[in-house]
Amino acid sequence: MVVKVYKPCVPLSAIATSSTHGEDSPYFAGWRAYDEDPYDATTNPSGVIQMGLAENQVSFDLLEKYLEEHQEVSKLVNGIGGFRENALFQDYHGLNSFRKAMASFMEEIRGGKVKFDSNRIVLTAGATAANELLTFIIANPGDALLVPTPYYPGFDRDLRWRTGVNIIPVNCNSSNKFQITKQALEEAYAKAKKADLQVKGLLMTNPSNPLGTAMTRPVLEEILNFISSKNMHLISDEIYSGSVFSSEEFISIAEILEERGYADAQRVHIVYSLSKDLGLPGFRVGAIYSYNDAVVTTARRMSSFTLVSSQTQKMLSPMLSDVTFTKNYIKTNRERLKRRYNYVVERLRECGIECLHGNAGLFCWMNLKPLLEEATTDGELKLWETILKDLKLDISPGSSCHCTEPGWFRVCFANMSIETLDVALSRFTSFMEKRRKT
Amino acid sequence: MGYQSVSENSHLLSRIAAGDGHGENSSYFDGWKDYDSNPFHPVSNPGGVIQMGLAENLLCLDLIKEWIKEHPEASICTEEGLNYFEAVANFQDYHGLPSFRQALARFMGKARGGRVSFNPDSIVMSGGGTGAQETLAFCLADPGDAFLVPTPYYPAFDRDFCWRTGVRLLPINCFSSNNFKLTKAALESAYETARKNNIRVKGVLMTNPSNPLGTTMDRDTLKTLLTFVNQKRIHLVCDEVFSGSVFNQADFLSVCELLDEEPSYDKSLIHIAYSLSKDLGLPGFRVGVIYSYNDTVVKCARRMSSFGLVSSQTQHLLSHMLNDDDFTSKYLAENKRRLHTRHEEFTSGLEKFGIKCLPSTAGLFIWMDLRQFLKENTENAELKLWRVIIDDVKLNISPGSSFRCTEPGWFRVCFANMDDATMHVALKRIGDFADKVKDETTQLDDATMHVALKRIGDFADKVKDETTQLQQKKRFNKKLRLSFCRINDGGITQHLMSPHLQSPRSPLVKASH
């Protein structure tokens with residue numbers, strides 16, 4: 001007979017037992033609901049439609065077509081000459097050709113308005129790792145980063161969990177379309193000071209997730225002035241830069257820096273990834289571009305924990321260096337996203353739902369304030385639950401993005417077929433019709 | 001593109017960034033730098049440095065290549081595999097592809113002769129073995145806590161386990177008198193030292209088979225270790241990254257086997273780190289694994305794996321490969337055979353020159369005993385000898401002090417990262433060096449022998465000074481903007497764009513890629 005002896009569990013770390021991993025948020029609860037009851041047109045037509053995951057599936061055919069027509073890529077990855085070298089390649093610099101390809105792609109996205117030096121690119125396994133890594137580099141445990149709200153819920157984990165760094169929100173609201181103001185920046189900074197927290201940087205996402213808007217020139221200038229005056233860093237997460245509907249409307253921080261003759265550039269670091277623009281989240285391709293030599297060096301060392309698979313670098317290199325392909329891809333991807341966005345916004349408007357006017361991203365920022373029983377976070381969460389349980393739609397409540405104004409929701413539209421999108425939109429339509437009748 | 005020099009603003013970086021926890025100032029990496037600046041090539045640079053300081057396994061890559069050629073459906077960019085492209089490219093679930101986890105579980109079980117079975121649901125991905133170590137440290141210990149680690153140990157543990165986590169590694173000293181075996185006395189002594197210094201010990205970190213020793217732990221030692229961690233109620237992290245690289249008849253005894261045998265051991269204390277970088281020779285693919293018997297750790301590590309997931313393209317390929325039972329059986333057997341042959345050739349070659357190695361049955365390296373060549377029994381003397389070996393003999397081998405070995409004079413020498421011809425060149429160089437030192441010493445009396453060794457030492461110092469100056473010159477250049485380093489200016493190479501940055505560069509990989 002085996003006697004089971006219950007010993008007290010040996011403690012894990014404080015990091016392991018904290019909930020800063022952030023998975024208790026409704027943002028993820030919605031994902032779980034989808035996992036348990038996923039929509040399928042034939043086998044589960046009444047299942048939950050996932051509108052809470054910002055993925056881009058609208059342009060896969062372009063990638064597949066490229067690979068089909070360029071079988072030399074597969075020879076490159078698996079062929080006689082390259083395999084062994086590739087399998088052994090674990091240099092933190094990454095494949096030269098791949099870094100150059102990334103630099104080239106990032107330049108294409110910005111319409112050639114800026115140049116990127118491939119030697120300043122550090123590769124990481126996804127933007128998740130890039131943001132955490134930069135935080136480790138610019139801030140000590142207990143320090144703070146300013147982050148404009150609403151922001152991507154994953155930042156709570158990426159910036160804070162293992163780093164021990166705090167986030168102080170820079171609050172934005174709909175009165176000026178959620179744009180960042182000098183006043184909001186100063187208020188957040190003062191709040192940090194009052195709490196005795198050292199602010200080491202500002203992290204912004206441009207174009208914004210969840211707003212789906214690209215930042216304007218005056219705001220970018222304001223931000224650069226602010227971080228310079230406060231002697232801090234600026235991280236510009238430009239992960240959706242290739243998903244701005246029209247290239248003229250995206251201004252990268254890189255452009256502003258160039259115009260200013262790179263004064264203060266050593267404070268600035270750009271984060272990028274292929275997960276959104278190219279729709280390749282599985283491949284874990286992230287990048288840090290820093291104008292600061294010490295940050296590049298340190299980031300490269302830290303990338304040892306999170307390198308990009310050499311096989312993946314090899315496969316993507318030719319595609320991203322092929323300017324004919326990338327020009328066409330970026331243009332087509334933008335057009336398709338714009339079409340989808342306009343379609344979604346129009347259909348929602350028809351049933352009485354308004355969205356923030358957006359010009360980028362894989363989602364729209366939907367205004368359901370009129371539907372709230374009470375204009376509070378509780379009211380918002382109640383509405384969210386209704387939408388999840390009754391409409392079987394997983395959309396993300398604004399409070400999970402730290403929005404200070406209840407009633408806003410992020411709705412992703414690029415991660416499904418047009419048929420599924422129609423089903424989702426018709427559920428909104430029926431819901432609104434029913435409400436009007438009662 | 002000119003940006004302001006960063007030195008005025010270095011205070012803007014974190015303590016972690018500004019410190020040297022990255023570990024690259026170790027002599028372990030100095031040798032890599034020398035190799036990088038003068039790499040051996042049989043045709044274009046036969047006088048260059050042979051890299052024997054990087055533990056890679058190239059001996060069976062042909063088998064893997066062959067498998068990939070015969071299975072185009074496992075690659076998402078071939079005609080046959082393209083229909084998987086979209087689903088794979090989209091897959092970012094932290095659990096990893098189920099088929100991949102199953103494949104890993106099977107492979108790990110096979111490497112242990114089928115004596116252990118692994119649950120795929122307890123397998124967590126990480127960014128290589130490097131990522132696995134760091135993640136476990138984050139899960140099991142708080143900043144300031146310590147893990148005990150038997151010496152000598154893999155130098156990069158100081159970075160992997162400690163750099164960003166703030167956790168400490170404290171040595172459990174082992175000695176050549178009993179072939180560096182871990183003893184109960186050593187464990188107790190290390191624990192007691194920590195306690196006296198008010199340092200909280202959260203666990204023991206060990207590598208089995210050992211790097212750099214190449215030895216496997218025997219049953220009694222494993223039991224001693226398990227009893228110790230159970231008594232002290234601390235964790236045990238076992239790095240079994242070389243578990244598929246055990247040769248010479250002796251079967252590998254994993255800690256997992258003992259857990260099954262002995263139910264009184266608390267399984268929730270045991271965590272395995274693994275990777276495909278050594279056994280399969282695929283360091284570029286960044287496949288790290290954490291296997292824990294503790295569900296809370298599995299859950300936490302899985303969340304943390306978001307920072308270091310394995311590319312789904314790689315998961316897809318390897319799940320096909322490692323689920324192919326015929327292939328994995330054949331591979332593991334052949335890998336053992338080839339490693340054994342190489343090990344035998346190398347050690348018997350050294351024996352002819354009167355150079356002994358620690359008897360070993362695993363790994364991609366040997367632990368070479370050069371104590372007889374030391375001027376004096378000190379770390380300084382070891383480093384002097386090491387400089388001679390790099391500069392004069394042109395071999396990058398790793399000095400024992402970089403592994404925190406308590407006894408000067410031991411060196412780790414990697415043998416599986418080169419072809420036969422290169423190995424013979426390396427042996428010849430060692431032989432010539434040994435002969436030279438012997439000639440100089442046998443003809444001399446003690447005093448004169450010391451003069452001879454002093455000359456070798458002075459030569460080493462001279463070269464070291466020149467190298468330091470060269471490094472200082474490089475350091476000076478570091479203050480220049482990175483873009484300057486693209487100019488080919490009398491030997492300033494591409495590598496200066498990240499000065500003092502030592503990522504592993506295989507001798508088999510061309511410099512510009």
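Are Arg387(B) and Asp34(B) buried or exposed? Both residues are buried, where buried means under 20% relative accessible area, exposed means over 50%, and partly exposed lies in between (1.4 Å probe, protein chains only). The model is predicted, so that local features need pLDDT of at least 70 and side-chain atom pairs count only at pLDDT 80 or more, while totals for chains, interfaces and linings use all residues. Residues are numbered from 1 along each chain as its sequence is written, chains are lettered from A and ligands numbered from 1 in the order in which they are written, and side-chain values use heavy atoms, with hydrogens and water left out.

**Confidence**

- Chain A has a mean pLDDT (the predictor's confidence in each residue, from 0 to 100) of 92, and 97% of its residues reach 70 or more.
- Residues 1–6 of chain A have pLDDT below 50, and beyond near neighbours in sequence this stretch has zero contacts (heavy atoms within 4.5 Å) in the model.
- Where pLDDT is low, the predicted coordinates should not be read in detail.

**Interface of chain A and chain B**

- The contact takes 94 residues from chain A and 99 residues from chain B.
- The two chains bury about 9200 Å² between them, 59% of it on carbon and sulfur atoms; buried area is the accessible area (1.4 Å probe) that two parts lose on being put together, summed over both.
- Leu88(A), Arg301(A) and Phe305(A) supply 9% of the area that chain A buries against chain B, more than any other three residues.

**Salt bridges**

- The structure holds 52 salt bridges over all chains, each being a side-chain nitrogen of Lys or Arg within 4 Å of a carboxyl oxygen of Asp or Glu, and two are found across the interface of chain A and chain B.
- Glu134(B) pairs with Arg162(A) in a salt bridge whose closest N and O atoms are 3.9 Å apart, and the side chain of Glu134(B) also meets that of Arg164(B) in a salt bridge at 2.7 Å, N to O.
- Salt bridges that share partners join Glu132(A), Arg162(A), Glu134(B) and Arg164(B) into one network.
- Arg387(B) and Asp34(B) form a salt bridge at 3.0 Å, N to O, which links helix α14 (residues 379–391) to helix α2 (residues 27–37) of chain B across 353 residues; helices (H or I, at least four residues) and strands (E, at least two) are DSSP runs, numbered from the N terminus.
- Within chain A, Lys115(A) and Glu107(A) form a salt bridge with closest N and O atoms 3.2 Å apart; Lys115(A) counts as exposed because its relative accessibility is 53%, whereas Glu107(A), at 13%, counts as buried.
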